[in-house]
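Me: I would like to learn how to read domains, cores and chain contacts from a model. Please take them one at a time.

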Amino acid sequence: MTQERLLSVRDLSLVVAQRGVEVVKNVSFDIEPGEIFGIVGESGSGKSLATRAIIALLPPAIKVTGGQVTFKGRDILTMREAGLRELRGAEIGLVFQEPMTSLNPSMTIGRQLEEGLTLHTNMPAPTRRERILTMLQRVGIRDPQGALSAYPHEFSGGMRQRIMLASVMLLKPALLIADEPTTALDAVIQRDVMELMVELTKAEGTAVLLISHDLPMVARYTSRIVVMEKGSLVEQGTTEQILEKPQHPYTRKLLSSLPIRGEVRAIDTVSAPMISARNIVVDYPGRKSLFNKATAKRALHGVSVDIHAGEVVALVGGSGSGKTTLGRTIAGLVSQSSGEVLFQGRERSANWRDYRLNCQMVFQDPYSSLDPRMTILSLVEEALRLVPDIDRAARKRRACETLEEVGLGAEYALRYPHELSGGQRQRVAIARAIARRPKFLIADEPVSALDVTVRAQVLTLFSDLQKRYGFSCLFISHDLGVVEQVADRVIVMQDGRIIEQGDRNTIFDKPKQAYTRRLLSAIPALDLNKTGGVKLKWRLEA
Amino acid sequence: MKNYTFNGLIGGVLITLLLAVAIVGLFWTPYDPMKLSFTARLSAPSAQHWLGTDEFGRDVLSRIIVGARASVWIGALTVSLAAIAGTIIGLVSGYARGWVDAVIMAVNNALLAFPGILLALGLLAVFGANQYGIIFALGIAYTPSMARVVRGAVLSLREREFIEASKIMGNSEIFTMLRHILPNCLAPITVLSTSMFGWAILSESALSFLGLGVPPPAPTWGNMLAAGRPFIEQAVWLGLFPGLCIALTLLGINLLGDALRDKLDPRMRGLK
């Protein structure tokens, strides 16, 4: 039995060499040939480092302090570099998270794909070419011949990830390590790429080690899972076991952090809307050059949105759908080519100052939305600078109160953003936005950059605050799970147009448009059971 | 981290020493730096003349002490001028973009295309060859590089979300520029300023060498270095000591500059 094992990791421990911090502690697991095996964990859980150790590609600062990694009966940790090089690529393939950076931008696709074949096989050139073309066709590249001489930037993120997959699968490795392979992609494309990966590896009998923070996604494709937390392996078992009867508290916490549909709330949609955007058209000017006239790219084709007092409206769609542009136009960061935005029934430019005071925004990336040179307190205080009738002392008091409300006590007031975690930073960003008590808030992917459990906490905070202050909100997200939890109404966008809108339950239960269905098919419907586990149901499988 | 503070300490000591020497030079020097003595021409370092004497028998140590003041003064003012003017131009150009940026950068690039020393020479012809002429000429000659660096920093900063957040809060453009963009540009400005200080002292010596610097007999490190050149074979100390002073000053400024940059950046403060 032990002989058949493809990969066996025993008591693997890794430390940061300089500081002696143990980042992976006594991790053991086995992978059988041909199976799909998942490692789930949040950032800092050591899941990526543990898998880097398998191919001996650890960053120089990390040292192995104990344990064994055996691949096909060979001990990897004691292997020499030359032996490892033969293994990597040929026997163990690797697909990274970021398709934008994992392909060399200055090499054609053809040459990049050929590299592995020339290195690990002695196929003659025509055979190589044939193999590459077949593979490109299999991963769904429309014009394989043309793709050979194209450069990576000519492809979209999803296509690049397909090409990456093709380059790895060309060598028919026995094990494919996929580190967050679809995290950077849109929901719909995510699903396509995953399906493709499963199909290809099944055909070649390749085992897959799938690493992700996204438990439902992993659950869908794997047969066995290990869950990691802070460098330790907290639970392992078959996927079914773990989902239905999670034993470890952390696994339960992960599962209970999955977004669940919120209750239906009564919204007054009869009186005049708080914000009303009418027939918004936005053109992005094209690049002007000496001889070419600039051709504008139309990002929004006459979009209208009404948001009522106290209502949370979610804007969903893939990248390039125009959802962010619409949000930024309403925020006043982008100016529309035509159309108008009414605030409480009046054109917003009639009283721009009032609109500014009442319309605030929370950005996606908490790392770049806070000025790194300001303390938390002064960041929030700055939001109150232009509020009339509030003196310096009152400003400080209000800022402290607001920070308290978002769960950051006085001890955080004088810290700088870099000293906080991602979740805490996003709390600061929320505090800054609500400090003025705005009537309307635009949240552009506010939780996409956060870990699963942190995301759940921030969403709860958001809902609490929304209940307390009753602000209206335009919630922009590509993550339908999150939307299902917070939104009262959902607007689906594609290619700069609204293709479907309605209250949340209607959209999620009876979507009309094919595109909405495809979006929905990427996220599971959850049923909580009594043992703290969940049952994942995939929507609209057909 | 320990390394950094150690470097900063060395830098601090060197610069304090320099300032002390410059101040002492106002009141006291071992000998009169201008006094000629034909009996003691080109005498090697000895108990009477610690750093030797020059071709006119003037005491090198006294001249270095007095020259420190001129060199520091020229370096500091030149750098301040270039830093202030360059920062303002860079901020405006990077933040406004569009045709303002195009015009400013066109002029800037044209100035950058001239070798700095040539530009300074031309400007000196206008301002006249004296200490303040040099400061203005070098200051203007260095402004384009500062403007360019600041503009680059601004361009990348203005795309960050906290700048948009500032707009959403309703802050004016000027406020955003001063409160959010300028402080985040400080690191490149400090780094460039410290190296400019070095260039300024060296350029002053080059200009003196061409006869357009601070006119003799007033000593600066630069013109001492230049004056020592013909005697390098008989009297190496003439060039050696002013050169050493310039090198140590540059070292001090650079170490101190790096330490200051880290000190000013809250992100570095956290890494203890």
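The dialogue below takes domains, then cores, then the chain contact.

Reply: This is a predicted model, where local features need pLDDT of at least 70, side-chain atom pairs count only at pLDDT 80 or more, and totals for chains, interfaces and linings use all residues. Residues are numbered from 1 along each chain as its sequence is written, with chains lettered from A and ligands numbered from 1 in the order in which they are written.

Me: Into which domains is chain A divided?

Reply: Domain bounds come from an automatic or database domain assignment. Here chain A has domain 1 (2-256) and domain 2 (275-538). Their C-alpha centres lie 34 Å apart. The contact between them (C-beta atoms, placed from the backbone, within 7 Å) takes 19 residues from domain 1 and 21 residues from domain 2.

Me: Which residues touch the most other members of the largest nonpolar core?

Reply: Nonpolar side chains tend to be buried together in soluble globular proteins. A nonpolar core is a set of buried Ala, Val, Leu, Ile, Met, Phe, Trp, Tyr and Cys residues joined through C-beta atoms within 7 Å; buried requires 20 or more other C-beta atoms within 10 Å of the residue's own. In this core of 136 residues, they are A314(A), L315(A) and F475(A). Helix α2 (residues 60-96) of chain B gives the most to this core, 14 residues.

Me: How many residues of each chain are in contact across A and B?

Reply: Chain A brings 21 residues and chain B 15. On the chain A side, α12(A) gives the most, with three residues.

Notes
Contact = placed C-beta atoms within 7 Å. Helix = DSSP H or I, 4+ residues; strand = E, 2+ residues; numbered from the N terminus. Buried ≥ 20, exposed ≤ 12 C-beta atoms within 10 Å, placed from the backbone.
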